[in-house]
Amino acid sequence: MTRRASLPPAEDQAVQQTSDGVYHIASFELSRQLLRSDDVAQAGFMAETASQAGSLLGRPPVLYAEGEHHHEMRRSTARYFTPKHVAEYQPFIAQLSDELIGELWQAGELNLDDLSLRLAVQVAAQVIGLTSSAVPGMERRITRFVEMGGDGNPASTNKASAAKNLVMQGHTLNFFLLDVKPSIAARRREPQDDLISYLLERGYSDTEILTECLTYGTAGMITTREFISLAAWQLVQHPELREDYLHAPEAERFAILHEILRLDPVVTQLFRRVVNDIEVGSMTIPAGSLVALNVQQANVDREVVGEDAEALCPHRPLPRGVQPPVLSFGDGHHRCPGAFLAIRESDVFLRRLLIWRDLELVQPPSLSYNEVVKGYELRGLRVRFGGAAGHAAIP
């Protein structure tokens, strides 16, 4: 539904070098090999732009870090994203979902992408510890960081102007003063079991905590928003799939959501900078090169997912070691840590929404692409309730 035609086409699943010097990979096996290699470094999500600030930011956020610092941070913070820990948020996610759906009922019709944004931001805020904002509106302050233009491709010539950089600094200051700093102060007084409390325990500065909150906000909250909208759009349009989803046990519901995500990965490209010469397939990619991984194409690689690669089949057989979403959450040491949380909160919200039999699609979303995260954006997905249908309670 969101195929990005502008990505370089796959040619026999080989490594291609385009005129700008970037190496493009569409094969699942070659992409996974590169993502798991210690000879490459994170280059997407504006990582190289952020690294230019150097010591001004202090320790790099986990999204950008490499080496032992990155591994140690991932080990230490993994507990916030385990299935057991995420299950503790189930009552909060359920209550918030009911409140948002209640707002839809009262309003008559709303944009689902607005509701999914609020859900994604507030759930992630619980994990991070951003729960003491001075004023409401953190959702809008978060989205401003990916709405200012720019390009997550390090090879792009579409660089932000000095004026845009100045505006971005203003947004960053607002986010820090209104959201991050009050939450830091609250955690200093009373530590909680969340990321900010952990960072304070490790002696992180306010600036270092700010950069962690920014990266979790843009890379985590924003992408979950888009997937919830995409999954709802898909399920509303296909009644049989919707019925299968609503009446399935959790494992099967997750399988359906993973398959939807495989076909429409929110992040369409991943970028890595080669640190040491690396052999990929039959080609040697020299140190210093930029590699772009086509997640859309890797997810429908017939060598891995079968000949019916573009069909939605939740229980398709996959080779050992291949996850159902394939590369939608990445792979290797930078694989998305919040993968389980994203699917869990999506499932809780979607079940509560789609159980209303009279939920109607008023207007399909407009499709565009955000170049900062290299992902699709669905806007104006408008829904309404057509009448007073019964609503089954969901635990």
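Reply: First, the ground rules. This is a predicted model, where local features need pLDDT of at least 70, side-chain atom pairs count only at pLDDT 80 or more, and totals for chains, interfaces and linings use all residues. Residues are numbered from 1 along each chain as its sequence is written, and side-chain values use heavy atoms, with hydrogens and water left out.

Me: How far apart are the end C-alpha atoms of helix H12?
Reply: Helices here are DSSP runs of H or I with at least four residues, strands are E runs of at least two, and both are numbered from the N terminus. H12 covers residues 250-263, which is 14 residues. The expected span is 1.5 Å times one less than the number of residues. That comes to 20 Å for H12, and its end C-alpha atoms agree with this, being apart by 20 Å.

Me: How do H10 and H15 lie relative to each other, parallel or oblique?
Reply: Axes are lines fitted to C-alpha atoms, for helices over the stretch in contact, and angles run from 0 to 180 degrees between N-to-C directions. The H10 and H15 axes come within 10 Å and cross at roughly 40 degrees. Under 35 degrees counts as roughly parallel, over 145 as roughly antiparallel, 65 to 115 as roughly perpendicular and the rest as oblique. So H10 against H15 is oblique.

Me: What classes of residue make up the contact of H10 with H15?
Reply: Among the residues in the contact are Phe227, Ile228 and Leu235 of H10, along with Glu345, Phe349 and Leu350 of H15. Ala, Val, Leu, Ile, Met, Phe, Trp, Tyr, Cys and Pro count as nonpolar, Asp, Glu, Lys and Arg as charged, and the others, Gly among them, as polar. The tally is eleven nonpolar, two polar and one charged.

Me: What about H5 and H6, parallel or antiparallel?
Reply: Helix H5 is residues 90-107 and helix H6 is residues 112-128; their axes come within 10 Å and cross at roughly 160 degrees. That angle makes the pair roughly antiparallel.

Me: Where does valine 326 sit, and what is its phi?
Reply: Most residues other than glycine have a negative phi. Valine 326 has a positive one. Its place is the loop between H14 and H15, and with 4% relative accessibility it counts as buried.

Me: Is lysine 374 buried or exposed?
Reply: Lysine 374 is in the loop between strand S10 (366-370) and strand S11 (375-379). Its phi is positive too, about 60 degrees, although it is not a glycine. Its relative accessibility is 6%, so lysine 374 counts as buried.

Me: Which residues does asparagine 370 contact, leaving aside neighbours within four places in sequence?
Reply: Asparagine 370 is in strand S10 and is buried, at 6% relative accessible area. Its C-alpha is 9.4 Å from that of valine 267, 103 residues apart along the chain. The contacts are Val146, Gly375 and Glu377.

Notes: Buried < 20%, exposed > 50% of the residue type's maximum accessible area, 1.4 Å probe, protein only. Contact = heavy atoms within 4.5 Å.
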